Protein chains: 2
Amino acid sequence: MGHSKKAIVLLSGGLDSSTVVKIASSKGYTELFAMTFDYGQRNKFEIKAAERIVRDNKILQHKMVTIDLGSFGGSSLTSDLEVEHGRSLAEIGQGIPSTYVPARNTIFLTYALAWAEVLKINDIFIGANNLDYSGYPDCRPDYFKAFEIMANLATRIGTEENSIRIHTPLINLTKAQIIERGLELGVDYSQTITCYNPNSEGHSCGICDACTLRKEAFKKLGKEDPISYQ
Amino acid sequence: MGHSKKAIVLLSGGLDSSTVVKIASSKGYTELFAMTFDYGQRNKFEIKAAERIVRDNKILQHKMVTIDLGSFGGSSLTSDLEVEHGRSLAEIGQGIPSTYVPARNTIFLTYALAWAEVLKINDIFIGANNLDYSGYPDCRPDYFKAFEIMANLATRIGTEENSIRIHTPLINLTKAQIIERGLELGVDYSQTITCYNPNSEGHSCGICDACTLRKEAFKKLGKEDPISYQ
């Protein structure tokens, strides 16, 4: 066993970022610092899920950052536009969906970078995925590489050691492959939430794009999805 | 006269960004959108100065963004560390000062990028300056170039047109050259504030690094600084 390493993990409370926590640990990053954003999204249940995952994974510090993305408009996740639902996998793969939040991953990574600078941590993990959400420009490998280059020029820690790394362990995995890897590592998917549109008790709708992708992936693996749908 | 162009200007209310507003206008960017950040800095007078500059320059929209940099610590501008004062120009040029806020320019530019995406604006102006503040890693030309590359990969507008431009018109100017250019363009420097540590009436201290640089620059030009010092 190598010595313990520190990392910051962006944690939404969803399936992807919960898997990333276990992947980071499995790579020797056992001192984890989690950052969760409250950006006026309608899905407050995600934040509760993030808190459960922090507790269950012995994460050292959890920073909640409130950001005001809603005031920019332009996304159904933060405004009153209607979220797509009932779409097939083929339809989901086409174009940039209404749930795109402008510059969201850049804002998230930038806050993580500021925290990394203060904590003197070089490694940042994000559960971005290029295959299932090909419509988002800020989920592409080239984008993350460009962010990493910028981050090393932007900060003291980067300038001194040129060593900030943005880890995207899910970038080329399908949703089914992510769940498969997560189950091997012991992720408790009953604690995660994926739905864009849960009801007032936090039960997933089962028909939004995110639910559709999740349900299809569990089905493909022949595994049971441990969360309950409406 | 070419046709009117749109741009976003990051406006702190200080000498530099006030000059940038006039420079942008002089380059044909006459439809200006200003963005000002309230990041828990002690200098609330900057925000009032920004509001005066918005009024005087017929800026179309002014977006105030409250961000929680203070919770990260690590800077005397947002926490209780003491600001350097009484330092000579030579001393000011050495090392990264305590007023460095982690990843500040990256956070500012990222919010501007999100707004640019929503407004469909390609041009962002920032009054960063490499000479007087050589200690800040995120004031270097290489950093801004890297941000621009990342920004074009991060957004719909960038992906479609590869056309987001980060303008840093002050990057290689001395403070005296900035003021000289600003006076030519009609900047009213009586409306700006530069001090890190103004008193309760908003009068500048005259001895912090920012005041020292400003006073020396006016002196070098043989011009009178129109603001009052304590």
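Trainee: How many residues of chain A are in contact with chain B?

Mentor: This is a predicted model: local features need pLDDT of at least 70, side-chain atom pairs count only at pLDDT 80 or more, and totals for chains, interfaces and linings use all residues. Residues are numbered from 1 along each chain as its sequence is written, while chains are lettered from A and ligands numbered from 1 in the order in which they are written. Two residues are in contact if their C-beta atoms, placed from the backbone, lie within 7 Å. On that test, 32 residues of chain B are touched, and the number in chain A is 32.

Trainee: Which elements of chain A each supply at least two residues of that side?

Mentor: Elements are DSSP runs numbered from the N terminus: helices are H or I with at least four residues, strands are E with at least two. The elements of chain A that each give at least two residues to the side touching chain B are β3 (61-66), α4 (104-119), α5 (141-154) and α6 (156-161).

Trainee: How many residues of that side are nonpolar?

Mentor: Ala, Val, Leu, Ile, Met, Phe, Trp, Tyr, Cys and Pro count as nonpolar, Asp, Glu, Lys and Arg as charged, and the others, Gly among them, as polar. On the side of chain A that touches chain B, seven residues are polar and six charged. The nonpolar ones number 19.

Trainee: What pattern does chain A follow along its sequence?

Mentor: Chain A has eight helices and five strands. Read in order, they give β-α-β-α-β-α-α-β-α-α-β-α-α.

Trainee: What share of the residues of chain A count as buried?

Mentor: A residue is buried if 20 or more other C-beta atoms lie within 10 Å of its own, exposed if 12 or fewer, and partly exposed in between; the C-beta atoms are placed from the backbone. Chain A has 230 residues, and the buried share is 50%.

Trainee: Which strand does β1(A) join over five bridges?

Mentor: Strands pair if DSSP finds at least two bridges between them. β1(A) (residues 6-10) has four of its five residues buried, so the rest of the structure largely encloses it. Lys6(A) has Glu31(A) as its bridge partner. The five bridges run in the parallel sense, to β2(A) (residues 31-38).

Trainee: Which strand pairs with β1(A) over two bridges?

Mentor: Val9(A) has Phe125(A) as its bridge partner. The two strands run parallel, and the partner of β1(A) is β4(A) (residues 123-125).

Trainee: Which helix lies on the crossover from β1(B) to β2(B)?

Mentor: In chain B, five bridges join the parallel strands β1(B) and β2(B). Val9(B) is partnered by Ala34(B) there. The crossover is right-handed: with the strands pointing away from the viewer, the path from the first strand over the helix to the second runs clockwise. The helix is α1(B) (residues 15-26).

Trainee: Is Lys58(B) buried or exposed?

Mentor: Lys58(B) is in the loop between α2 (45-56) and β3 (61-66) of chain B. Its phi is positive, about 50 degrees, although it is not a glycine. With 10 C-beta neighbours inside 10 Å, Lys58(B) is exposed.

Trainee: Is Ala103(B) buried or exposed?

Mentor: Ala103(B) is in the loop between α3 (89-92) and α4 of chain B. Its phi is positive too, about 60 degrees, and it is not a glycine. With 29 other C-beta atoms within 10 Å, Ala103(B) is buried.

Trainee: How far apart in space are Leu32(B) and Ala112(B)?

Mentor: Leu32(B) lies in strand β2(B). It is buried, with 25 C-beta neighbours inside 10 Å. Beyond four places in sequence, its contacts include Ala7(B), Val9(B) and Leu60(B). Ala112(B) is 80 residues from Leu32(B) in sequence, and the C-alpha to C-alpha distance is 13 Å.
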